[in-house]
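Look at the model below first. The report then covers the ligand and the two chains.

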Amino acid sequence: MFYPCRDALQTCLRGLLIMVSEVKQVSGNAVPLIGNDIDTDRIIPARYLKAITFDDLGAGVFVDDRKALNGEHPFDQIHYQGAKILIANRNFGCGSSREHAPQALAKWGIKALIGESFAEIFFGNCVAMGIPCVTAESEVVKQLQELVIANPEEVITINLEKLQVQIGDFTASVVMSEGTRSAFIAGTWDACGQLVANAQQVKATAAKLPYIGWGNLAAS
Amino acid sequence: MSKGTLFDKVWDLHTVGTLPSGLTQLFIGLHLIHEVTSPQAFAMLKERDLKVLFPERTIATVDHIVPTENQARPFVDNMAEEMIKALEKNCQENDITFYNIGSGNQGIVHVIAPELGLTQPGMTIACGDSHTSSHGAFGAIAFGIGTSQVRDVLASQTLSLSKLKVRKIEVNGNLKPGVYSKDVILHIIRTLGVKGGVGYAYEFAGTTFEKMNMEERMTVCNMAIEGGARCGYVNPDQITYDYLQNRDFAPKGADWEKAIAWWESLSSHADAEYDDIVVFNAEDIPPTVTWGITPGQGIGVNEKVPTAAELLEEDRFIAEEAYRYMDLYPGQPIQGTKIDVCFIGSCTNGRISDLREAAKIAQGRQVAAGVKAFVVPGSERVKKEAEAEGLDKIFQAAGFEWREPGCSMCLAMNPDKLQGRQISASSSNRNFKGRQGSSSGRTLLMSPAMVATAAIKGEIADVRELL
Ligand code: SF4
């Protein structure tokens, strides 16, 4: 569960709706998913993209891998049901920009990820959804995966303030870029409201760009 | 920290400010949307009661879900019909230009924006599709984004981003006959790995890129993302300007002169500083084929599937998975691998010059018995141009099917799909498990000329035998 995350607070700033929801720490059971370069086509196959909402994505998460493994996929194994933290290896979420991938993971119940590394767009999509992805040394990630496999009941805690992950008496440091980390802690990870609030500066920046004034796209 | 590169200059010019998170608020000069990643973004906008801030700077088309055989409406697939309808409605409600089927300008989003002259040097471009990196061929900084970010661009014409590092990838010299820009990028990814570019923008420089035409440059930049780099670009030059001049959205008259001066000023400085530099020799690059399930698992057409011992330790796990999935064994020559389906198309290689190269191979020859081969132009304009040159006739005479424009079997969100364990030779960009519409289907990536060669021979073969 998110802790001590508050419910989304809606603040009115200059008449605009800005969503504030602090994410300082995520605790819960974990699900290990061993393997490098797990791409977004595997997380959610393209056929599940044929929809105009994200509502039904939970059923599609890793569906082909799960079918191929006949119940042995971690997402199907009984002891990982209800897990909130996904422990992945290198370059997780590579491939397509589809936000459907983190949306599908979130629909399944994932609230945070630990990995050796994440693909850039996947990481950005997770941030936009309020799902922190922290990285750790390869050895640490492997150790965490082993600890979870040995004891799936054990709760893992990712603490963004201390940049630390803890399971039982094992603790290790994790990494997240400072800008992203402070956005989660301050609850400003949902940038939309801030971006919109700066509309005047946006227009001023645009006005200085020569191409805004030429060609058929010229602003009316 | 890079300094004086095109990336730095464009980044600075588009910076609106620094957000409380420390991230940069970056203005986006051109926003492209399509039916798959936009409907949820429009819904989010509505939920927050926000309007599109610069509707004239967003352009829409439909590509992923369109059938390539019968495009009559309503589509046979109800869900596809619902998606195109949602896009039509969203564009209409928000005053966004939409190039629909039959408009003469519809096609794969990364094919139409350059051909309309929408893509220009010095712009920042975003699209809810990872292959947006293609537009970097013009010296633009182009990002693939997710749906929440599509919402952000619609609402504010900006994104919240952290700046990338810049790696210069220099390739010098002449490509050997039978080696194309697709081989160059497959070779780069093979060497630097699929995550080698994470955190970087790739600047493609050196004499090999300087000699490439715009379509070849687009193929390279298109797949920068497959190497982990969120964007890739080539500094603009006379070849860029010649391509752009007189296109629909290109600056005209006095603006054209102003534009060239501005574009020239953006190129990376001779003494620009890079975070990293990697140098390749064009002569070392062979016609390349992927054998596995990531675009980094590539080999020269005359090479063998690598054994685990030949690979870096970190690449072994996925290699083992790839042997099993692809049903190829380590040490097996890739040449001679039997092929069921040949697909020429996609935003990587569905442009007119790609079709011309493939047609040269197909001309006067026949597709091997039992092989299904088809050509899908990247846009309505590409189709028209190809037909005017008679390429459609060449392909059809050789036994290829000639289709309507769309993404087709690149990701198979439309009726074009592999069946069961079928194996395809494909000019697209991803060989991920299940990518081409069958959860056990297999994909080998290569240049369009190599796909045409595979179609004729019925197996993976060296294009140089048919030149
Ligand atoms: S052709 Fe393929 S990669 Fe390109 S936009 Fe379409 S689906 Fe994406």
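## Ligand shell

By class, the shell around the ligand in this predicted model holds 5 nonpolar, 5 polar and 2 charged residues. Here Ala, Val, Leu, Ile, Met, Phe, Trp, Tyr, Cys and Pro count as nonpolar, Asp, Glu, Lys and Arg as charged, and the others, Gly among them, as polar. The residues around the ligand, each with a heavy atom within 4 Å of it, include H64(B), H110(B), D129(B), H131(B), C407(B) and R435(B).

## Chain interface

One salt bridge joins E314(B) to R90(A), with the closest N and O atoms 3.4 Å apart.

## Notes

Residues are numbered from 1 along each chain as its sequence is written, and chains are lettered from A and ligands numbered from 1 in the order in which they are written. In this predicted model local features need pLDDT of at least 70, side-chain atom pairs count only at pLDDT 80 or more, and totals for chains, interfaces and linings use all residues, while side-chain values use heavy atoms, leaving out hydrogens and water.

How values were computed
A salt bridge is a side-chain nitrogen of Lys or Arg within 4 Å of a carboxyl oxygen of Asp or Glu.
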